[in-house]
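Let's take a walk through a protein structure together. Have the sequence and the 3D view ready, and follow along as we go.

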Amino acid sequence: MRIWLYYFKNAFINMMNNRLIHVISMGTITISILILGSFMLLSINLDNWIKEWGGTLSMSVYLKDGVDEKVMGEIEKQLLNIKGAKIKGFISKDQAMMQLKESLGGQAGLLSGLKNNPLPGSFELIFEDTDDYHIEPDKITASLEKMEGVDEVQYSEQWVERFRGVIFVFRVASLIIGGLLCVAVLFIITNTIKLTIYSRRDEIEIYKLVGATDWFVKIPFLIEGAIQGIISGLIAYLVLLSAYLFLSTKTIQILDLPVIDIIFLTNKNVISIILLSLFLGLMGGLIAIGRFFKV
Amino acid sequence: MIQIYRLSKSFGTNIALHDIGLRIRKGEFVFITGPSGAGKTTLLRHIFGSERPTSGQILIDGINLTRVNKHKLDLLRRKIGFVFQDFKLLNNKTVYQNVALALEVVGERPAIIRKKVHQALRAVDLSKKEKAFPLEVSGGEQQRIAIARAIINDPMILIADEPTGNLDPDITKDIMVLFRSINLRGTTVIIATHSRELLRDTGQRIIVLNQGRIVEEIEG
């Protein structure tokens with residue numbers, strides 16, 4: 001225990017003695033971790049929005065004119081059997097016309113020339129919890145369109161599917177950039193510790209002369225790496241949190257949009273970021289003492 | 001205590017030590033002398049374990065330095081004190097902290113460290129300067145700090161490489177008196193020097209090196 005106190009004390013003293021180099025190093029690491037965290041935040045929010053929009057995936061099942069109640073009952077039964085689907089309502093031909101008139105407002109007179117109502121009746125479906133099972137709207141559409149009395153099926157998810165593709169590309173790009181950033185962080189920490197090893201080589205020699213073991217001299221450098229990593233991780237987290245709090249309120253104020261839910265990283269994500277920073281710090285320290293420690 | 005058999009050391013094509021055979025008994029006071037480049041420092045570094053011989057064996061207190069692993073060598077060094085011409089002190093640490101270093105690295109308890117550092121500083125007559133930094137004291141005092149650091153672990157061997165090389169004659173005398181008093185307490189003392197002044201009327205054993213070979217041994 002006492003020896004660990006000594007290691008930590010030594011590591012802190014060394015960091016204070018070489019504070020400029022450590023501040024620059026931690027600043028750079030913080031920026032790298034911040035970029036990594038931003039990608040994570042963006043990815044989580046995109047996922048969340050997809051989930052929300054996916055949850056409101058809607059489908060309109062348009063019926064042919066003159067469908068009798070028996071056929072409508074069959075269709076309704078079939079719709080209720082679709083996994084995840086809920087019937088939001090049935091819009092009759094007359095209701096559809098009324099809705100159209102309402103949406104046209106002052107121009108509704110245009111419709112007065114129509115002898116027959118051309119609008120079809122429709123069942124409106126919504127799909128929920130698309131994460132639990134994979135909904136294949138194409139297949140559902142194809143099978144419904146084969147049914148007696150069904151004229152056409154339209155759904156709102158095609159663009160969501162396309163968006164999922166974009167997110168996949170984004171995720172792959174994030175992983176590549178994240179990997180490169182981790183390598184950069186390792187490089188920075190390794191070099192910072194290399195410099196402090198050089199600046200303390202006389203001291204290291206003296207420690208060895210009085211009988212210090214290799215690890216006695218090396219451990220404070222590892223602790224330095226870990227401290228650099230963890231402090232950078234914490235600062236990156238705080239900056240990310242502040243930016244999130246600032247931007248999330250600004251978006252609502254400026255655009256006056258119905259709130260787009262911007263969510264922050266989960267505790268698990270935050271712990272992952274800090275642990276990753278700690279890991280990179282320790283690894284940087286290990287590489288530095290492995291490569292530059294000649295005693 | 002120290003047994004050296006057929007020790008040779010080459011740095012590339014340059015032969016630093018050639019076929020050295022030497023025995024130093026426990027509690028002995030030995031001078032190693034010779035001109036610059038004779039191999040004095042290289043021999044001391046071999047005894048300290050900071051150089052590995054090209055051939056030959058070195059036994060310290062029965063431990064063969066050529067076969068011992070790095071960790072055991074580190075532990076063995078705690079039983080050997082080393083004093084250098086250039087003192088090798090940490091200028092950003094106080095006199096007290098410099099001396100305490102040798103105990104801190106072995107994980108000694110703070111109370112014991114305090115007690116032993118005070119004892120060592122008293123032995124070298126530096127009790128009043130424990131809070132000073134090395135650059136605030138004289139060359140002779142800096143060497144005494146280094147000696148205090150070297151003896152604080154009660155080493156069985158004290159090695160000094162040109163310990164008075166940077167000091168004036170009066171201070172040299174004081175330092176030599178200090179070495180003798182340490183030797184009287186039972187510590188084996190080996191001093192490398194090229195100073196003839198220092199060797200005059202010592203009454204101690206003198207080993208003369210030249211071009212990496214022992215050319216003469218004068219018994220004390």
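This is a predicted model: local features need pLDDT of at least 70, side-chain atom pairs count only at pLDDT 80 or more; totals for chains, interfaces and linings use all residues.

Chain B contains 7 helices and 10 strands. It has 220 residues, and 54% of them are buried. Now think about which parts of the chain touch each other. If you take the contacts in chain B between residues at least 6 apart in sequence, 68% of them link residues at least 24 apart.

Let's go inside. In soluble globular proteins, nonpolar side chains tend to be buried together. Here, the largest nonpolar core has 85 residues, and B:Ile147 and B:Phe179 have the most contacts inside it. Which helix gives this core its largest share? That's helix α8 of chain A (residues 214-255), with 10 residues. There is also a second, separate core of 32 residues, and B:Val30, B:Leu65, B:Leu76 and B:Ile207 are among its members.

Setting aside its neighbours within four places in sequence, B:Phe179 is in contact with B:Phe29, B:Val83, B:Ile147, B:Leu158, B:Ala160, B:Pro163, B:Val189 and B:Ile191.

Next, a pair of helices. Two packed helices are described by the angle between their axes and the distance between the axes. In chain B, helix α3 (residues 95-104) packs with helix α4 (residues 110-123) at an angle of about 120°, and their axes are 9 Å apart. Therefore α3(B) and α4(B) are oblique to each other. Their crossing is right-handed. Where they meet, α3(B) brings residues including B:Val95, B:Tyr96, B:Val99 and B:Leu103, while α4(B) brings residues including B:Ile113, B:Val117, B:Ala120 and B:Leu121.

Finally, hop over to chain A and find A:Ala226, which sits in helix α8 of that chain. Is A:Ala226 buried or exposed? Its relative accessibility is 13%, and buried means under 20%, so A:Ala226 counts as buried. What does it touch? Not counting residues up to four places away in sequence, A:Ala226 touches A:Leu278, A:Gly281 and A:Leu282. Now look for A:Phe279: it lies 53 residues from A:Ala226 along the chain, yet their C-alpha atoms are separated by 7.2 Å.

Key
Residues are numbered from 1 along each chain as its sequence is written. Chains are lettered from A and ligands numbered from 1 in the order in which they are written. Side-chain values use heavy atoms; hydrogens and water are left out. Helices (H or I, at least four residues) and strands (E, at least two) are DSSP runs, numbered from the N terminus. Buried means under 20% relative accessible area, exposed over 50%, partly exposed in between (1.4 Å probe, protein chains only). Contact means heavy atoms within 4.5 Å. A nonpolar core is a set of buried Ala, Val, Leu, Ile, Met, Phe, Trp, Tyr and Cys residues joined through side-chain atoms within 4.5 Å. Axes are lines fitted to C-alpha atoms, for helices over the stretch in contact, and angles run from 0 to 180 degrees between N-to-C directions. Angles under 35 degrees count as roughly parallel, over 145 as roughly antiparallel, 65 to 115 as roughly perpendicular and the rest as oblique. A crossing is left-handed if the near helix is turned anticlockwise from the far one by less than a right angle, and right-handed if clockwise.
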